[in-house]
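Please keep the sequence and structure in view while reading.

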Amino acid sequence: MGRPKSPRIAIVGGGPGGLTLARVLQTRGISATVFEREASPTARPQGGTLDMQADSGQVALRAAGLYERFLEISRPEGQDLRLFDGEGTLLFEHIAGSDEQLNPEIDRGDLRRLLLESLDPGVVQWGRPLRAIRPAGDGRHEAVFDDGSAGTFDLVVGADGAWSRVRPLVSPATPGYTGVTFIEIRLDDVDRRHPDVARLVGRGSMFALSDNKGLIAQRNSNGHVRAYVALRVPDGWVDTCGIDFDDPGAARARLLDAFAGWAPELRALLRACDDSFAPRPLYALPVPHTWATRPGVTLLGDAAHLMSPFSGQGANLAMLDGAELALAISACPDLDTAVRKYEATMLPRAHEAALGAAEGLESAIASDAPRGTLEHMRSRGG
Ligand SMILES: Cc1cc2nc3c(=O)[nH]c(=O)nc-3n(C[C@H](O)[C@H](O)[C@H](O)COP(=O)(O)OP(=O)(O)OC[C@H]3O[C@@H](n4cnc5c(N)ncnc54)[C@H](O)[C@@H]3O)c2cc1C
């Protein structure tokens, strides 16, 4: 398929990957529409913090012309890292230098705002969940949205995350449970309300790992800490464990039980956290997840390579995917060549990262933890 003069490009999903794709296309004079399920930019708190890595997320931000602005709002000190065992022994510590820019942290909400504010009005169509997508001949596809509207596009990019509706056009793969479930907890105003937790977490992230369990906490801006209780539990555990996560008193008591024997300063995270316990079973796509290039459709980010957060790379890769796909579209004479070029780089890179994520999860939430994670941190030296 030759590249139409003004190709109609649909990006399904306005996460970090889809928005980066739209932004880099825009900077190259190519228009695209992002169809996003959420009703508005403020429909869901974005929460959490992400490190933007020098060889992926930061490369994408440079291609998007947003790197300088990113430096103004990111937190280099967020690169601090601590590793404890369940007894509270500090085994590894990295203190970031003031000029260290390897992986500065940025709140997810700030990153999303940065990308959204860089897009022309109307590029993101809020409240437009994709319901179905089907081939319309000639390599084009017809997308049908929940509001009943439909459109035909020269290229459809599935940037719609873990449970992508676009993915079945290229692959029958579906995410599988990794064996680990996170329960997300949060603490506000830690420096004033919970100075002991503030000291434990420090300026960046802390991991406490032992006996197939973990407590992982990250400082966000404005004294907010987001933490994850990690448990190796069977598939479906959230429904069968008998914990009512909507009853904060009961959930807190049961989780404190699960961490009986852990150091009091670590259990303080569970004692002090706000009344919000959000279970998140972790899923991943098979490794490798690959497909033969199809005309008029491709995937990026979690839709292409959902992996456990133990890679620490999901958002970074999604953004790099988006930037590289945009650059390929602007450089290639036709869309098929651009998609082929993009997938030839993206798929092997995702394979390697997904292997790392699986290994990272297996060694972090393990009976001999934190041995493997400690070796990994020491080998990276940071
Ligand atoms: C606990 C946790 C911690 C993490 N920590 C990190 C980290 O430190 N660093 C890092 O790099 N990564 C991290 N990740 C991974 C990261 O969150 C994801 O890899 C990243 O968000 C993927 O970006 P994406 O744009 O591909 O998809 P998403 O961020 O999932 O965005 C997909 C978008 O598509 C929309 N959508 C979905 N379905 C439809 C539809 N049918 N129609 C229209 N729109 C739709 C969604 O509303 C969403 O806005 C973490 C993940 C978890 C779970």
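An oxygen atom of the ligand lies 3.3 Å from a polar backbone atom of P16. The model is predicted.

**Polar contacts and burial of the ligand**

- R108 places a polar side-chain atom 2.6 Å from an oxygen atom of the ligand.
- G312 contributes through its backbone, where an N or O atom is 3.3 Å from a nitrogen atom of the ligand.
- The ligand taken alone exposes 1,000 Å², and the protein buries 85% of that.

**The shell around the ligand**

- Two or more residues of the shell come from each of α1 (16–27), β3 (49–51), α4 (108–117) and α11 (314–331).
- Helix α11 gives the most, with four residues.
- There are 33 residues around the ligand, and E36, R108, L130, D302 and A315 come nearest.
- By residue class, the shell holds twelve nonpolar, eleven polar and ten charged residues.

**Strand β13**

- β13 spans residues 205–210 and is mostly covered, with six of its six residues buried.

**Partners of β13**

- With β4 (residues 81–84), β13 pairs in the parallel sense over four bridges.
- In this pairing R82 stands opposite M206.
- With β14 (residues 213–219), β13 pairs in the antiparallel sense over six bridges.
- M206 has A217 as its bridge partner in β14, and S210 has K213.
- β13 and β14 form a hairpin with two residues between them.
- D211, in the turn of that hairpin, has a positive phi of about 50°.

**The sheet**

- Seven strands make up an open sheet of mixed pairing, in the order β5-β4-β13-β14-β15-β12-β16.
- The edges are β5 (90–94) and β16 (278–284); each has a single partner strand, so one side of each is left without a neighbour in the sheet.
- Neighbouring strands of this sheet are turned by 20° against each other on average, direction ignored.

Notes. Residues numbered from 1 in each chain as written. Predicted model: local features only at pLDDT ≥ 70, side-chain atom pairs only at ≥ 80, totals over all residues. Heavy atoms only, no water. Near = heavy atom within 4 Å. Polar contact = N/O pair within 3.5 Å; in protein donor to acceptor, adjacent residues only side chain to side chain. Areas by Shrake-Rupley, 256 points an atom, 1.4 Å probe, with all protein chains shown as cover. Nonpolar A, V, L, I, M, F, W, Y, C, P; charged D, E, K, R; others polar. Buried < 20%, exposed > 50% of the residue type's maximum accessible area, 1.4 Å probe, protein only. Pairing = 2+ DSSP bridges. Axes fitted to C-alpha atoms, helices over the stretch in contact; angles between N-to-C directions.
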